[in-house]
Amino acid sequence: MNNNKDYIATAYPELQLSYIECEDGWIPHINKITDRLVKDITEYNSKKEKNISFVINQIKEKFGGLRYYVTFTNTDVSDNDFTAGLHKYIWDMEHVSVYICEKCGMYAETRNTHGWYKTLCDKCYDDCMDKE
Ligand SMILES: [Zn+2]
């Protein structure tokens, strides 16, 4: 599993990644999503003789969960089922993120930390609360 924060920009420079706003624990999960999108789109393009790509508009944490915002490009109405499937995949993976510690990647749950929702494992939660 790839845990390099610059992985997307290095592996897929054509994707126009604007930025990633979250902590390192989610990076392998984010890289997995990107790899899957690229793989599915590459297969679809070769099978259907298409030239679909995507732009990652933003990747961030919101209310303790991952948000992975993309726009698919070079699509037409005949691609709607395909892109809807990709959006469904992203949505499912965003929901999985609430079980992954945003700091370290271990099993976690979403907690209220001083009024902010953060998805953290027991240890990172304790560290976070100790700091204040
Ligand atoms: Zn943790």
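**Figure 1. Antiparallel pairing of β2 (53-62) and β3 (65-73)**. In this predicted model, β2 and β3 pair in the antiparallel sense over nine bridges; two strands count as paired if DSSP finds at least two bridges between them. Strands (E, at least two residues) and helices (H or I, at least four) are DSSP runs, numbered from the N terminus. Lys62 has Gly65 of β3 as its bridge partner. The hairpin has two residues between the strands, and Phe63 takes a positive phi near 50° there. Residues are numbered from 1 along each chain as its sequence is written. Local features need pLDDT of at least 70 and side-chain atom pairs count only at pLDDT 80 or more, whereas totals for chains, interfaces and linings use all residues.

Figure 2. α2 has 22 residues and reaches 31 Å from its first C-alpha to its last, close to the expected 32 Å, that is, 1.5 Å times one less than its number of residues. Its buried residues are Ile27, His29, Ile30, Ile33, Thr34 and Leu37. A residue is buried if 20 or more other C-beta atoms lie within 10 Å of its own, exposed if 12 or fewer, and partly exposed in between, with C-beta atoms placed from the backbone. The cover over the buried residues of α2 includes α1 (7-11), β1 (20-21), β2, β3 and α3 (80-96). Glu49, which follows α2, has a positive phi near 55°.

**Figure 3. The largest nonpolar core**. This core has 19 residues, and those with the most contacts inside it are Trp26, Ile30, Ile59 and Cys101. A nonpolar core is a set of buried Ala, Val, Leu, Ile, Met, Phe, Trp, Tyr and Cys residues joined through C-beta atoms within 7 Å.

**Figure 4. Surroundings of Cys101**. Leaving aside its neighbours within four places in sequence, Cys101 is in contact with Gly25, Met106, Ala108, Thr119, Leu120, Cys121 and Cys124. Two residues are in contact if their C-beta atoms, placed from the backbone, lie within 7 Å.
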